[in-house]
Amino acid sequence: MIYLTIMCLAYVQNISFTMVSRARNRDSMPYHAICSVCSNGLWFATIGVLVASEMTWDLAPFYILGTVAGSLTGAEASIHIENAIGAST
């Protein structure tokens with residue numbers, strides 16, 4: 001169960017991380033603020049679970065798989081949101 005939890009948290013964490021990275025370069029401060037709150041909150045939650053799980057190496061593949069998938073999903077989601085709200089560089 002912890003493997004699935006780590007993978008899911010890493011996935012949503014990296015979606016938000018990718019989105020805040022892109023939001024920094026856009027002209028919408030509200031978009032950036034929302035992405036930043038989500039990214040930092042999810043980072044804190046993910047690190048909390050990793051630390052509580054003693055951050056053993058057997059968790060790494062699940063964390064890495066989740067973060068890679070989250071990055072790809074976050075980039076795609078960002079493009080759609082930026083187009084919808086008219087955020088530009």
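**Overview**

The protein contains three helices and zero strands, where helices (H or I, at least four residues) and strands (E, at least two) are DSSP runs numbered from the N terminus. Along the sequence, the pattern reads α-α-α. This is a predicted model, in which local features need pLDDT of at least 70 and side-chain atom pairs count only at pLDDT 80 or more, while totals for chains, interfaces and linings use all residues. Residues are numbered from 1 along each chain as its sequence is written, and side-chain values use heavy atoms, with hydrogens and water left out.

**Overall dimensions, burial and contacts**

- Taken along the principal axes, the C-alpha atoms of the protein fill a box of roughly 40 × 20 × 15 Å.
- Of the 89 residues in the protein, 29% are buried; buried means under 20% relative accessible area, exposed over 50%, and partly exposed in between, for a 1.4 Å probe and protein chains only.
- Among the contacts in the protein with a separation of 6 or more, 79% are between residues 24 or more positions apart; a contact means heavy atoms within 4.5 Å.

**The pair α1 and α2**

- The axes of α1 and α2 come within 8 Å and cross at roughly 155 degrees, which makes α1 roughly antiparallel to α2.
- Such axes are lines fitted to C-alpha atoms, for helices over the stretch in contact, and the angles run from 0 to 180 degrees between N-to-C directions.
- Angles under 35 degrees count as roughly parallel, over 145 as roughly antiparallel, 65 to 115 as roughly perpendicular, and the rest as oblique.
- The crossing in which α1 passes α2 is left-handed; this term applies if the near helix is turned anticlockwise from the far one by less than a right angle, and right-handed applies if clockwise.
- On the α1 side, the residues that meet α2 include Ile2, Leu9, Phe17 and Ala23, and the α2 residues that they meet include Tyr31, Leu42, Trp43 and Leu50.
- The residues of the contact of α1 with α2 divide into 17 nonpolar, seven polar and no charged.
- In this division, Ala, Val, Leu, Ile, Met, Phe, Trp, Tyr, Cys and Pro count as nonpolar, Asp, Glu, Lys and Arg as charged, and the others, Gly among them, as polar.

**The pair α1 and α3**

- The axes of α1 and α3 come within 6 Å and cross at roughly 35 degrees.
- The crossing of α1 and α3 is right-handed, and the residues of this contact comprise 14 nonpolar, ten polar and two charged.
- Asparagine 14, found in helix α1, is buried, with a relative accessible area of 10%.
- Not counting residues up to four places away in sequence, asparagine 14 touches Thr67, Gly70 and Ser71.
- Isoleucine 81 lies in helix α3, which spans residues 60–85, and is partly exposed, with a relative accessible area of 31%.
- Beyond residues up to four places away in sequence, isoleucine 81 touches Met19 and Tyr31.
- Isoleucine 81 and methionine 19 are 62 residues apart in sequence, and their C-alpha atoms are 9.6 Å apart in space.

**The largest nonpolar core**

- Six residues form the largest nonpolar core: Ile15, Met19, Val20, Ala23, Tyr31 and Cys35.
- The elements that give two or more residues to this core are α1 (2–23) and α2 (29–52), and the largest share, four residues, comes from α1.
- A nonpolar core is a set of buried Ala, Val, Leu, Ile, Met, Phe, Trp, Tyr and Cys residues joined through side-chain atoms within 4.5 Å.
- Isoleucine 15 touches Gly70, Thr73 and Gly74, leaving aside residues up to four places away in sequence.
- Alanine 23, in helix α1, is buried, with a relative accessible area of 1%.
- With residues up to four places away in sequence not counted, alanine 23 touches Tyr31, His32 and Cys35.
- Alanine 23 and serine 88 are 65 residues apart along the chain, with their C-alpha atoms separated by 9.3 Å.

**The loop between α2 and α3**

- Glutamate 54 is found in the loop between α2 and α3 and is exposed, with a relative accessible area of 65%.
- Phi of glutamate 54 is near 65 degrees, a positive value in a residue other than glycine.
- Methionine 55 is also found in the loop between α2 and α3 and is exposed, with a relative accessible area of 54%.
- Phi of methionine 55, a residue other than glycine, has a positive value near 40 degrees.
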